[in-house]
Amino acid sequence: MSELNARQPTLQEIGERIKSPLWNELCGYIEAAYGVQPSVEYSKCSGAPGWNVKYKKGGKALCTLYPGEGCFTALVAVGQKLAPAAEALLGSFDASVQKTYWNAGMLCGTRWLMIEVTSPAVVRDVKQLLALRVPVKSGKKTQSPQQ
């Protein structure tokens, strides 16, 4: 897999590396619900250097997906304005997402949630957090974020 670190991988190569139907589900949902296409970018961040997949809508970041071997992590930012709505939903979230939320420190008034996507329940929770950031238009033909 080191050759993927030396050059920009394709989305197909990233999907093959992850080997998870959760990846396809979340990416497909974001693309359909928000009408956006991902961009593959390289991050030199010391915590997770490497290629990632970013989704933006109208110049606003929706989320960034960090691929791993057989897994992936979703970065979703929850700012001060969205915190009350996010916290109202937390009781229905997977325990791992709740723990991630409360353990995420505040930086400039924002919680940067690095959510390890491990189950359909976690995918559902990420969808709900994304819908808080940028609501899905009702005319889109997708599953609701609650599903």
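**View 1. The ring of Y29 and its surroundings.** Y29 is buried in this predicted model, because its relative accessible area is 5%, and buried means under 20% relative accessible area, exposed over 50% and partly exposed in between (1.4 Å probe, protein chains only). K127 lies over the face of Y29, at 4.7 Å from the ring centre; for a charge to sit over a ring, NZ of Lys or CZ of Arg must be within 6 Å of the ring centre and within 35 degrees of the ring normal. Residues are numbered from 1 along each chain as its sequence is written, and side-chain values use heavy atoms, with hydrogens and water left out. Because the model is predicted, local features need pLDDT of at least 70 and side-chain atom pairs count only at pLDDT 80 or more, whereas totals for chains, interfaces and linings use all residues.

**View 2. Aromatic pairs.** The structure holds four aromatic pairs, where rings of Phe, Tyr and Trp (its six-membered ring) pair if their centres lie within 6.5 Å, and planes under 30 degrees apart count as stacked, over 60 as edge-to-face and the rest as tilted. One of them is the edge-to-face pair of W23 and F72, with 5.0 Å from centre to centre and 85° between the planes. This pair links distant parts of the chain, since W23 belongs to helix 3 (residues 21-34) and F72 to strand 4 (residues 71-79), 49 residues apart; helices (H or I, at least four residues) and strands (E, at least two) are DSSP runs, numbered from the N terminus. W23 counts as buried at 3% relative accessibility, and F72 is buried with a relative accessible area of 1%. The ring centres of Y29 and Y34 are 6.4 Å apart and their planes stand at 85°, so this pair is edge-to-face.

**View 3. The buried arginine R111.** R111 lies in strand 6 (residues 110-117), and although R111 is buried it has no salt bridge, the nearest side chain of opposite charge, E87, being 4.3 Å away. A salt bridge would need a side-chain nitrogen of Lys or Arg within 4 Å of a carboxyl oxygen of Asp or Glu, and here Lys and Arg count as positive and Asp and Glu as negative, while His and the chain ends are not counted. A polar atom of the R111 side chain lies 2.9 Å from the backbone oxygen of A104.

**View 4. The loop residue K19.** K19 has a positive phi of about 55° although it is not a glycine, and K19 is placed in the loop between helix 2 (11-18) and helix 3.

Methods: Polar contact = N/O pair within 3.5 Å; in protein donor to acceptor, adjacent residues only side chain to side chain.
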